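Here are my notes on this one, as numbered points. Have the structure open while you read, and start with the loops.

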Amino acid sequence: MSDFKQADHKLLVIPGPIEFSDQVLLSNATPGTAHTSPAFIPVFGESLKLLRKVLLSKEESGSQPILIAGSGTLGWDAVGVNLIERGDKAVVLNTGYFGDSFAECLEIYGAEVTQVKAEVGNIPEDSAVIKALESKPKVITITHVDTSTGVLSPAKHFAELVKKHSPETLIVLDAVCSVASEEIQFDDWGLDVVISATQKGLGVPPGLSVVLASKRAVEVSENRKTPPQGYYISWKKWIPIMRNYEAGKPSYFATPPVQLIYALNTGLKAMLEKPIQETFEAHKAASKYVKDQLTEIGLGFVPKSRDIAANGMTAVRFPQGVTAPDVLPKLAEKNIVVAAGLHKAIVTEYFRIGHMGVTATNRQRGDLEKVINGVKDVLGKN
């Protein structure tokens, strides 16, 4: 066992990046290793297999994990490059800032985008989703957790609507802020693409774009009428590489971030020492604690109800007469870093607390208690 301990620092409780465990950070300090090394290939291959387990997908389903150097945003481009051809119809279920951004990305690749927008703090109405599906779009996107509002979309329910009303439509889940902090059943829900990143619920430093694509999505990308509209992010380039790593064969297209993949491997193995459902339940418990404590001191939230509030973060409304400069700098003085508002319609009205990864699953750290006590102190509620 190593005696490595990360340096003292301000507690980072934003909706990502998050706090990282000592063992994950130590893995990120792996010595220089070739990406085709016999030592590294099985680590990469195992990481791909473990990702399926986190997303509750079986290898025999044909789902394809893809890990590429980049951010969660690169996942939007992956969808645009590999699944969209100019003139294709796409529907974006919009619950905030990140729905706007995904729509903009798809439009750049030539999609004809219809947005189904929800009132701030709410989810799209079923009737509006069904209406949008009448066009039989090639792709529909669901932002599972929009960090600008803290809204949790009912991904399973929306997927069922798609299967009923437009079964050929590919279902894309933007799960950048939900993988490992919210339950996702890739196979059972019939999802086609999940996009994410490492620095949120997966509890690994930023730098990896995380994608899981269904067999159907891969086939659509392979059978395009026109070439992919990108080079670096083309699945035609990357999927053979991923398959080779899983098969234990050295392969090269572009250099993967070797150290980050070691760190991801460590984080995934630690997470899967227990049934993944326990991780989901830990995040629900953390969310309940934070929201209950803030409710007790009279604070409200951006989501219209707790039923559609994320478990990995909380979007908290300021009390009357209080603004971000009254709260955030004072929390920082207490070595607590929370996030300001992001949604332009309410940007001055709220702040955001992240409670993902070790902050939620290792309650002995006392992260949540520190945040709540800090907020109470700053607001004079202790």
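1. N335 is partly exposed, with a relative accessible area of 36%. The scale behind that word uses a 1.4 Å probe on protein chains only: buried is under 20%, exposed is over 50%, and partly exposed is in between. You'll find N335 in the loop between α12 (324-333) and β12 (336-337). Its phi is near 65°, a positive value in a residue other than glycine.

2. Before going on, a word on the source: this is a predicted model, where local features need pLDDT of at least 70, side-chain atom pairs count only at pLDDT 80 or more, and totals for chains, interfaces and linings use all residues. Residues are numbered from 1 along each chain as its sequence is written, and side-chain values use heavy atoms, with hydrogens and water left out.

3. K136 also has a positive phi, near 55°, and is not a glycine. Look for K136 in the loop between α5 (126-132) and β5 (139-143). Element names here follow DSSP runs, numbered from the N terminus: helices are H or I with at least four residues, strands are E with at least two.

4. Which two residues does the cis peptide bond join? They are G16 and P17, with omega at about 0°. P17 sits in the loop between β1 (11-12) and α1.

5. Now the largest pocket, which holds about 470 Å³ of space. A pocket here is an open set of points on a 1 Å grid over the protein atoms alone, where a 1.4 Å probe fits, with protein on both sides within 12 Å along at least five of seven lines; lining residues have an atom within 4 Å of a point. The volume is the space filled by probe spheres set on the points, which are joined across faces, edges and corners.

6. The largest pocket is lined by 23 residues, and S21, Q23, A270, V358 and T361 are the closest to its centre. Two or more lining residues come from each of α1 (22-27), α10 (258-271), α11 (276-296) and α13 (358-361); α10 gives the most, with four.

7. Why does the largest pocket lie between domain 1 and domain 2? Because domain 1 (2-20 + 275-378) and domain 2 (22-271) both give residues to its lining. The domain bounds come from an automatic or database domain assignment.

8. Last, E296, which is found in helix α11. E296 is exposed, at 62% relative accessible area. Its C-alpha atom is separated by 27 Å from that of G96, 200 residues apart along the chain.
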